[in-house]
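Reader: I have some questions about how the chains of this model touch, and about the words used for it. Could you go through them with me?

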Number of protein chains: 4
Amino acid sequence: MAGSGIGTVFRATTWGESHGAGLGAVVDGCPAGIPMDEEYIQTFLDRRKPGGRAFSTPRKEDDRVRILSGVFEGKTTGTPISLMIENTSQRSQDYGNLATTYRPGHADFGFDAKYGFRDYRGGGRSSGRETAGRVAAGAIAAKFLEMQGIHISSWVSAIGPVKCDPERFDTDEIMNNAFCMPDAAAAAEAEIYLRKLMEEKDSTGSEVTCVVTGMPAGVGEPVFDKLDARLGQAIFSIGAVKAVEIGDGTGVVKARGSENNDPFRIQNGRVVKSSNHSGGILGGISDGGDILIRASFKPTPSIFREQQTVNKDGEEVELSIKGRHDPVIGPRAAVVVETMTALTIADLLLLQRTNRWE
Amino acid sequence: MAGSGIGTVFRATTWGESHGAGLGAVVDGCPAGIPMDEEYIQTFLDRRKPGGRAFSTPRKEDDRVRILSGVFEGKTTGTPISLMIENTSQRSQDYGNLATTYRPGHADFGFDAKYGFRDYRGGGRSSGRETAGRVAAGAIAAKFLEMQGIHISSWVSAIGPVKCDPERFDTDEIMNNAFCMPDAAAAAEAEIYLRKLMEEKDSTGSEVTCVVTGMPAGVGEPVFDKLDARLGQAIFSIGAVKAVEIGDGTGVVKARGSENNDPFRIQNGRVVKSSNHSGGILGGISDGGDILIRASFKPTPSIFREQQTVNKDGEEVELSIKGRHDPVIGPRAAVVVETMTALTIADLLLLQRTNRWE
Amino acid sequence: MAGSGIGTVFRATTWGESHGAGLGAVVDGCPAGIPMDEEYIQTFLDRRKPGGRAFSTPRKEDDRVRILSGVFEGKTTGTPISLMIENTSQRSQDYGNLATTYRPGHADFGFDAKYGFRDYRGGGRSSGRETAGRVAAGAIAAKFLEMQGIHISSWVSAIGPVKCDPERFDTDEIMNNAFCMPDAAAAAEAEIYLRKLMEEKDSTGSEVTCVVTGMPAGVGEPVFDKLDARLGQAIFSIGAVKAVEIGDGTGVVKARGSENNDPFRIQNGRVVKSSNHSGGILGGISDGGDILIRASFKPTPSIFREQQTVNKDGEEVELSIKGRHDPVIGPRAAVVVETMTALTIADLLLLQRTNRWE
Amino acid sequence: MAGSGIGTVFRATTWGESHGAGLGAVVDGCPAGIPMDEEYIQTFLDRRKPGGRAFSTPRKEDDRVRILSGVFEGKTTGTPISLMIENTSQRSQDYGNLATTYRPGHADFGFDAKYGFRDYRGGGRSSGRETAGRVAAGAIAAKFLEMQGIHISSWVSAIGPVKCDPERFDTDEIMNNAFCMPDAAAAAEAEIYLRKLMEEKDSTGSEVTCVVTGMPAGVGEPVFDKLDARLGQAIFSIGAVKAVEIGDGTGVVKARGSENNDPFRIQNGRVVKSSNHSGGILGGISDGGDILIRASFKPTPSIFREQQTVNKDGEEVELSIKGRHDPVIGPRAAVVVETMTALTIADLLLLQRTNRWE
């Protein structure tokens with residue numbers, strides 16, 4: 001099994017390697033009648049490469065998405081939507097010892113242990129470029145959710161020791177700086193920190209926050225397909241994520257029940273909660289509050305320092321990685337967290353339609 | 001959909017409510033030929049109620065498991081293993097206003113929003129008792145893994161502000177105290193803290209740690225069925241979990257690549273890592289190191305203080321929960337984390353057999 | 001994988017062997033709010049043993065079904081419904097050489113080739129008794145469909161050379177004779193034929209017909225989950241079925257398009273068809289006509305003549321089967337075809353709710 | 001749900017419409033290390049248009065397949081294989097009343113009932129062209145099976161009243177005539193019959209036979225994923241199939257057990273059967289004999305006679321279909337039956353690796 005598909009009724013299957021002919025996804029089970037075009041999807045893909053030239057890979061790929069099926073006269077037809085992004089900047093390249101050497105922090109060794117060999121060009125299937133297919137597929141899910149009044153947004157909430165200050169939260173700022181941070185001061189500080197790291201040939205971890213608003217109560221299945229369980233799979237399936245938190249996350253360990261329980265009350269005739277420690281999910285089912293998700297990304301494993309490692313022949317070797325690599329993953333990954341969240345919620349929202357007999 | 005099944009080829013489906021006739025699970029796809037009996041499974045179930053009488057629900061249920069099918073002459077046959085645990089202590093009981101009132105921190109409101117009504121007796125399907133079926137099913141997975149040389153253990157690493165000290169880690173101590181803590185001093189401290197909380201009619205959060213040893217490299221599928229993605233779903237599917245961490249977890253946000261990358265080296269002719277920040281998983285595939293998992297459990301939501309909430313009729317009401325409830329979830333949940341981990345790894349280990357043509 | 005579950009959102013998982021503790025099923029994803037009790041399900045199970053004493057196994061099993069979960073105050077709750085039928089007539093029995101000898105026409109050899117050994121008591125998991133769990137699960141699906149105005153019926157349309165005459169079709173007769181035949185004259189003829197066969201220690205094949213009325217158009221997914229594809233899997237999953245036909249079935253080979261195409265016309269403002277060669281399915285999607293299914297059952301493989309076969313040690317041996325076996329499968333299998341059809345349609349009907357964005 | 005994927009571990013997802021940008025498939029879970037190139041897959045696609053110019057659609061599509069991912073240095077990598085066939089002969093065309101009129105025998109009405117509208121160009125997703133993706137995907141499965149010593153072949157065994165004579169069976173003849181018939185005399189007769197039908201603006205049904213040799217015993221799961229159940233789904237998922245038969249098929253209804261049971265015996269130390277009425281499958285598990293499958297295809301529904309039908313506005317109308325349509329489906333569908341069989345067996349063969357603990 002290769003596990004390249006996710007979702008039960010709204011299902012995305014991705015394909016493609018970093019340096020093959022292209023990457024893409026097939027979205028199967030998108031409901032019929034949703035307005036859709038390539039431009040809409042492109043806006044999500046474009047967010048995978050935020051403007052910060054100094055800090056993200058300058059590989060000149062346009063990453064133009066094509067819709068190959070499933071859309072007719074501007075609307076989804078209910079049949080599979082095939083999405084393709086050609087790899088335009090492939091060049092015959094010398095991968096040198098990367099074909100046989102296991103980069104620390106990368107999946108190289110695991111792939112060889114798994115399959116006996118691997119497509120070593122640019123990380124192959126384990127490259128961050130694999131997320132292009134997810135983002136294109138998730139954009140379609142996000143559109144469906146918007147038509148249901150559900151909106152998802154995401155941003156970088158921390159880069160190394162630099163944390164955004166909730167007091168300075170400014171939505172417009174997210175698209176305004178190179179780091180997708182909603183806090184201009186933190187972004188400025190992060191820039192200084194990253195310049196220093198790059199001088200030191202090093203990289204840093206980061207944290208992405210994602211919020212879902214307009215969420216109805218009752219979504220998520222009670223046992224193994226809990227809303228948070230499905231989000232857990234979806235977010236951990238993004239390379240480099242080492243922690244996923246819902247609501248107060250790890251903070252609940254020290255909390256007391258009297259603090260952590262969100263009191264219910266009535267507002268304008270509707271059941272609401274006075275606080276949202278739960279992050280919008282109780283017992284795996286949405287409680288009507290905003291869904292709050294945090295993902296911790298490890299530092300970019302490709303660093304330019306010389307590293308100790310081994311090769312396929314079982315020899316210990318020194319490795320020097322060349323090329324261009326972002327020193328931090330979060331800024332380009334925020335839209336990936338957002339679209340994986342969209343895919344997850346779209347699926348569970350549709351499944352909820354099957355739970356009552358009427 | 002009700003989502004009561006998990007796993008692709010090693011699949012567990014659970015059923016049952018807190019106060020119905022019983023609870024159970026069907027394990028479909030367990031390989032043939034594994035020694036199995038009720039006593040073995042019972043040892044896992046017994047761990048759901050650690051000795052600490054003062055701190056866990058004294059409801060007198062023997063929770064005796066019966067194997068109804070799939071085992072013949074002491075070995076699994078490859079056909080579905082049906083497991084049943086009868087609810088013996090049911091009594092006609094007055095649920096009072098719990099039938100119509102939404103307990104804060106519980107799934108009551110979500111269930112009503114989802115299905116229009118709910119089995120309100122003891123939380124019904126959202127009760128912690130639902131995990132009995134998981135534990136019984138996961139015990140079978142654990143046995144299969146042991147025959148492959150893979151061992152899983154789990155313990156409580158923190159209760160509220162009390163953390164176990166790695167310096168004092170003692171495996172034998174885990175089964176020795178009421179809190180499943182591998183550190184006797186921390187357990188003593190936790191006991192004092194919990195007595196105080198109970199006096200204050202309050203509860204606390206906790207952290208469970210789970211470690212998998214003997215894990216071969218190459219397990220886990222590269223994209224959506226990454227080993228950590230599957231673990232993410234499995235652990236978040238346990239009620240009250242609000243964060244899941246792999247390896248360094250949230251600690252990676254502040255880390256540098258040069259620290260976080262685990263150098264590969266050769267030891268006795270095998271590829272090993274000098275450190276294990278990755279928690280045994282790189283790019284979603286096991287790297288041969290121990291798998292390290294942490295789960296953050298929120299405080300028990302059933303507290304004895306009066307709480308503000310609403311009822312089904314849209315009225316704001318005061319709620320007083322009676323009965324007996326553990327003031328902390330971790331000690332009884334450690335074995336649940338362990339068995340959910342076993343189910344996840346058993347499935348991916350079997351799937352790995354399908355990835356090469358030979 | 002053991003493949004004991006079927007269905008995407010309305011999913012049944014069966015368990016149990018002929019001579020184990022019992023048999024059962026877990027129905028996961030049945031919508032909430034459907035009236036349900038054990039008596040209703042029992043009426044389906046009772047049809048597995050039609051009155052004809054002379055012609056069906058007299059094993060005295062009451063086959064009483066118990067609902068263990070998922071029903072509260074007489075209605076389904078949306079959570080898994082666990083169904084159990086205890087095996088009451090187990091006795092320590094001498095299986096003689098059946099433990100090591102491969103019965104012709106049975107799965108014994110396949111099971112040993114598959115798993116290395118098998119539960120040989122009464123055929124274990126490959127026994128016809130396995131269908132008890134399906135029938136109980138399918139009864140629940142049938143109830144859900146009835147609430148949607150969809151009704152399913154089934155009968156035996158042929159036993160060996162004896163065919164029911166459509167001119168003499170009488171619904172009431174189906175429950176009236178030992179063979180579930182809607183034609184009293186054919187039933188009388190079948191009885192004579194079967195008596196002769198039994199004297200000759202032989203058995204015969206049979207055909208079951210199943211009809212679904214009240215079916216809305218638009219159900220069934222266009223490619224691999226076509227309504228007929230799903231029915232094909234469901235009906236072929238019943239042991240002893242060697243052919244499945246929809247509408248005109250094998251008759252289409254000799255037909256012309258001008259005959260086989262059903263003209264559409266308008267009746268009372270609705271689109272209907274003037275004929276129903278399609279059996280209610282076009283392009284895998286229901287066309288609003290009645291669904292017509294036929295299943296060909298092979299002769300009972302357990303016959304009392306001495307047969308040539310081999311044993312586990314690779315020796316050629318003579319086999320004499322003893323005990324009691326029906327000389328024809330169809331009469332007890334009709335309700336199995338009906339309930340497998342119900343499970344299939346319930347699942348696809350619910351899935352159809354996910355196909356439009358509104 | 002759109003149900004465009006099939007298989008558990010060897011999974012194919014198809015996409016594309018008759019007149020969109022192209023068609024294709026993603027094969028996920030193909031084991032690593034299988035030699036693969038576009039030429040090999042092309043040989044299967046080429047068989048979808050047998051030479052018989054007079055009898056098959058002359059639409060000039062090259063149907064050239066491209067491998068976009070999952071193959072590296074001539075071998076499958078274990079990651080998803082994306083296959084694409086561009087639609088090269090699209091032209092802006094006048095579909096006239098086909099956009100609003102429901103063709104008898106087609107899925108037009110079902111699609112509108114399902115989704116509210118449809119891509120009416122050339123049948124959209126319900127076009128026979130959809131099978132191009134299946135054939136490309138199935139070619140990969142066939143290659144994997146060949147490496148396991150399993151070979152699949154298929155042919156047309158009947159066209160209307162013309163049946164191939166088993167006495168004249170000649171494998172080489174299959175590729176030699178326009179009808180994929182292994183009997184030159186029958187092919188000549190079929191040609192005469194078809195010419196007559198075309199003069200009469202009519203079409204005919206046909207039968208395809210498929211045989212799998214080299215099949216090991218033990219493949220297929222005992223209950224819902226029986227080998228024949230999975231084949232039933234796979235073959236019925238091909239448009240226009242109205243019956244699927246395994247082994248003796250509908251012939252079993254009249255058979256006696258003493259005839260139908262295949263005696264086991266020992267040959268060269270191996271368990272074999274003296275006959276093969278079972279078609280290689282007993283109790284859903286392969287018995288080591290050749291798998292025998294027959295599929296009945298209905299007559300091509302697109303005929304040139306004027307037909308009675310209705311339109312979307314609920315009016316009764318006369319319909320005249322123009323363009324070019326094969327008068328018989330079988331000759332182009334034989335390779336589709338073969339590749340769907342390959343996909344099914346590849347999946348179950350891999351799953352069988354997960355059934356024993358060793």
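Reader: How many salt bridges are there between chain A and chain B?
Author: The count is 6 salt bridges. This is a predicted model, in which local features need pLDDT of at least 70 and side-chain atom pairs pLDDT 80 or more, while totals for chains, interfaces and linings use all residues. Residues are numbered from 1 along each chain as written, chains are lettered from A in the order written, and side-chain values use heavy atoms, without hydrogens and water.

Reader: Why is the pair Arg256(B) and Glu200(A) called a salt bridge?
Author: The term asks for a side-chain nitrogen of Lys or Arg within 4 Å of a carboxyl oxygen of Asp or Glu. The closest N and O atoms of Arg256(B) and Glu200(A) are 2.5 Å apart, so the pair meets the rule.

Reader: What makes strand E11 of chain A and strand E11 of chain B a pair?
Author: Strands (E, at least two residues) are DSSP runs, numbered from the N terminus, and two strands pair if DSSP finds at least two bridges between them. Here 3 bridges join the two strands, both residues 241–246 and running antiparallel, so they count as paired. Ala243(A) stands opposite Glu245(B).

Reader: How many residues of chain B are in contact with chain D?
Author: Contact means heavy atoms within 4.5 Å. By that rule 18 residues of chain B touch 18 residues of chain D.

Definitions and conventions: Helices (H or I, at least four residues) and strands (E, at least two) are DSSP runs, numbered from the N terminus.
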